[in-house]
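This report covers aromatic ring pairs and charges placed over rings. The sequence and structure come first.

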Amino acid sequence: MYTPAITGSGVFTPDQVITNAELVEAFNAYADRYNAENADEIAAGTLAAKEHSSEEFIVKASGIEQRYVIDKSGVLDPAVMHPLLRQRSDDEPSLMAEMALKAARIALEQAGRTAADVDAVICAASNLERAYPAVAIEIQDLLEIDGFAFDMNVACSSATFGIQAAADMVRSGSIRSALVVNPEICSAHLEWRDRDCHFIFGDVATATLIERTEDAEGAHFEIRSTRCATQYSNNIRNNNGFLRRSRPDGLADRRDMQFMQNGRKVFKEVLPLVADHIGNHMAEEGVEAGDLKRLWLHQANKSMNDFIGRKVLGRAPEPGEQPNILQDYANTSSAGSIIAFSKYSDDLEPGDVGLICSFGAGYSVGSVLVERRD
Ligand code: CO8
């Protein structure tokens, strides 16, 4: 048996930003347009008018101030309200592969490795660009990696579940190393015309390299243990799958073909699930709250993270103990906790213990307990 470690991590951030002010202006213009187009039905009481969104509400309810996206032109056009992403030919790299590659190269460089040192690629994300061939195999091909690759999807928990899969394979000796990549194009499965959720998501890609500790070239994070759990819930759901084309109404612009959630229920039900999950994981490993130097949490909602931090540590987290990136990136699904880890882990000292935790649709929750080593 070998001890696995995270030896490198990387973040690819798209260069287009949508501020809350821009987002709300576009949404309100769309709502006005919709209300004007449907004025008769709204006046007759057969259709509800669309209400305006507000910057104050967004910041207060979520803590989100802006988001990065692959294309803002379509999202901010009141006549379009979704990203405009060019259909690539089958001979070009796919968008998800391209984003993942950028994050992967940063992770490899940080670990002092090249693709030749990698045995496997796991593409773990909340939505895949196509059914097959696996995006992970395309990334494997672009990086010229000998070995194998596969895609997996556990919604917002994809990264931690992917790290567990990689760590277990490294531990058993079936591989020496794996790249876990999380390209998230959330903008393409968000309904930007829905005031309740139009502010929630952004785009990004993250990557982690998992190797044997004995192979690590420099400072790294030994993976002490991982825990994954799931519990079925319909409160976060997206019905878009290939079966829609077989149904009589298959091509209609149906609301359930994009991200849908019962946000209040998610908030209430997921909080105790996550707090208990982290508490149990720490207890099983003999880690006390006072031993934990950092919590890198899933980035969906600031109040949610504040609550989990208080519950896990038994007090309000000190600034820096539980870094949030959602004010800049919004919710980036599985990539959120890895962005936080990648940006806020360098300063830890050898022996310092931290925990990465993601949670979301399924429901699903995954945690990775790590210890800094030199
Ligand atoms: N502007 C102004 N007012 C608004 C707006 C808006 N944009 N939206 C809603 N309101 C109004 C509502 O109409 C409501 O008014 P009233 O009181 O008159 O009915 C009032 O504000 C309060 O609304 P809510 O109850 O909805 O507000 P909350 O305080 O509950 O906040 C949140 C809403 C932010 C959604 C909150 O419930 C939340 O964060 N919940 C948890 C979300 C979460 O963690 N979800 C996880 C999903 S991520 C995941 O698992 C991955 C899925 C795959 C990725 C998908 C990519 C697209």
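## A pair between a strand and a helix

Phe221 and Phe341 are both buried, where buried means under 20% relative accessible area, exposed over 50% and partly exposed in between (1.4 Å probe, protein chains only). The two rings form an edge-to-face aromatic pair, 5.1 Å centre to centre with 70° between the planes. Rings of Phe, Tyr and Trp (its six-membered ring) pair if their centres lie within 6.5 Å; planes under 30 degrees apart count as stacked, over 60 as edge-to-face and the rest as tilted.

Phe221 belongs to strand 8 (residues 220-230) and Phe341 to helix 10 (residues 336-343), so the pair ties together parts 120 residues apart in sequence. Helices (H or I, at least four residues) and strands (E, at least two) are DSSP runs, numbered from the N terminus.

## Basis of the values

The model is predicted: local features need pLDDT of at least 70 and side-chain atom pairs count only at pLDDT 80 or more, while totals for chains, interfaces and linings use all residues. Residues are numbered from 1 along each chain as its sequence is written, and side-chain values use heavy atoms, with hydrogens and water left out.

## Rings in helix 1

Nine aromatic pairs are found in the whole structure. One of them, Tyr30 with Tyr34, is tilted, at 6.2 Å centre to centre and 45° between the planes. Because they are four residues apart in helix 1 (residues 20-37), about one helical turn separates Tyr30 and Tyr34. Both Tyr30 and Tyr34 are buried. Ring pairs also link Phe27, Tyr30 and Tyr34 into a cluster.

## Charges over rings

The charged end of Lys50 sits over the ring of Tyr34, 4.7 Å from its centre. Such a charge requires NZ of Lys or CZ of Arg within 6 Å of the ring centre and within 35 degrees of the ring normal. Arg212 lies over the face of Tyr2, 3.6 Å from the ring centre.
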